[in-house]
Amino acid sequence: AETTEGANGQDLITAIALLSDAQKHDALNAEGPQKTLMNLARARKVSFRRLTNYSVGELLRAFTEAGPAASDTCLSMVVDLIPRLPNYSVRIGEAWAHGDVATARAGRTEITSDQCLTAVPGVRKLQDRVMADWAKGLAQTLSKPGKTVLAIDIETLTRPGGLLDQLRAQGLDVTGRAY
């Protein structure tokens with residue numbers, strides 16, 4: 001017999017799988033730009049590296065440890081989001097193409113929704129740890145001569161405590177459009 005805790009974790013993993021399948025169906029690959037940059041770098045024999053590497057197991061553990069409320073919240077959010085995903089993505093893409101960071105970020109927030117992240121505290125903790133590690137790795141990279149290109153989603157970059165805030169906290173000068 002399956003335990004209630006296992007079922008909750010399985011429901012959350014199912015929600016992630018549903019969202020991933022919907023994104024693939026609508027050709028909305030969140031890792032697309034990163035993979036494109038990595039392929040371009042490989043083709044031109046330019047070195048590249050990921051700022052950090054975390055196992056999927058850590059993310060799955062955070063989801064399986066969540067309670068029934070988290071399962072219901074996240075699964076409901078995903079089911080509600082899937083039919084609206086293509087329209088959100090077009091709006092975000094257009095805003096980003098025109099340099100409207102605030103609108104792009106607001107649209108991204110509609111897609112990711114803190115409801116699920118709040119319901120699964122382990123995921124937020126993991127995100128915060130990843131963010132701190134990325135900031136440390138990027139600061140080290142930026143301290144070396146040369147050029148650096150970074151591919152990252154807008155929510156991770158601009159959320160409170162996100163990469164820009166982490167870099168600013170390390171004393172780096174962050175300039176550009178308001179976020």
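1. How exposed is D165, and which relative accessible area does it have? D165 is partly exposed, with a relative accessible area of 26%. The classes are defined as follows: buried is under 20% relative accessible area, exposed is over 50%, and partly exposed lies in between, with a 1.4 Å probe and protein chains only.

2. Basis of the remarks. This is a predicted model, in which local features need pLDDT of at least 70 and side-chain atom pairs count only at pLDDT 80 or more, whereas totals for chains, interfaces and linings use all residues. Residues are numbered from 1 along each chain as its sequence is written, and side-chain values use heavy atoms, with hydrogens and water left out.

3. Overall architecture. The protein chain holds 10 helices and zero strands, and its elements run α-α-α-α-α-α-α-α-α-α from the N terminus on. Helices (H or I, at least four residues) and strands (E, at least two) are DSSP runs, numbered from the N terminus.

4. Of the 179 residues in the protein chain, 31% count as buried. The accessible surface of the protein chain is about 11300 Å², and 56% of that surface belongs to carbon and sulfur atoms; accessible areas come from the Shrake-Rupley method with a 1.4 Å probe, and for residues only the protein chains shown count as cover. Among contacts (heavy atoms within 4.5 Å) between residues at least 6 apart in sequence, 73% join residues at least 24 apart.

5. The whole structure contains three salt bridges, a salt bridge being a side-chain nitrogen of Lys or Arg within 4 Å of a carboxyl oxygen of Asp or Glu. One of them joins the side chains of E58 and R129, at 2.3 Å from N to O. This pair links distant parts of the chain, with E58 in helix α3 (residues 56-64) and R129 in helix α8 (residues 121-142), 71 residues apart. E58 is partly exposed at 21% relative accessibility, and R129 is partly exposed at 40%.

6. Salt bridge of D80 and R84. The closest N and O atoms of D80 and R84 are 2.6 Å apart in their salt bridge. D80 has 44% relative accessibility and counts as partly exposed; R84 is also partly exposed, with a relative accessible area of 34%.

7. Salt bridge within a helix. R168 and D165 form a salt bridge in which the closest N and O atoms are 3.5 Å apart. Both residues lie in helix α10 (residues 163-169), three residues apart, or about one turn of the helix. The relative accessible area of R168 is 38%, so R168 is partly exposed.

8. Second largest pocket. The volume of the second largest pocket is about 360 Å³. Its lining has 20 residues, of which L157, T158, L164, V174 and T175 lie nearest the centre of the pocket. Helices α9 (154-158) and α10 are the elements that give two or more residues to this lining. The lining residues divide into 13 nonpolar, three polar and four charged. Here Ala, Val, Leu, Ile, Met, Phe, Trp, Tyr, Cys and Pro count as nonpolar, Asp, Glu, Lys and Arg as charged, and the others, Gly among them, as polar. On a 1 Å grid over the protein atoms alone, a pocket is an open set of points where a 1.4 Å probe fits, with protein on both sides within 12 Å along at least five of seven lines, and lining residues have an atom within 4 Å of a point. Grid points are joined across faces, edges and corners, and a volume is the space filled by probe spheres set on the points.

9. C74. This residue, C74, lies in helix α4 (residues 68-81) and counts as buried at 2% relative accessibility. The C-alpha atoms of C74 and I13 are separated by 9.7 Å, while the two residues are 61 residues apart along the chain.

10. K45 is located in the loop between α2 (32-43) and α3, has a positive phi near 55° although it is a residue other than glycine, and counts as exposed at 77% relative accessibility. G161 is placed in the loop between α9 and α10 and is partly exposed, with a relative accessible area of 30%. Leaving aside neighbours within four places in sequence, G161 is in contact with M131 and Q166. The C-alpha atoms of G161 and Q127, 34 residues apart along the chain, are separated by 10.0 Å.
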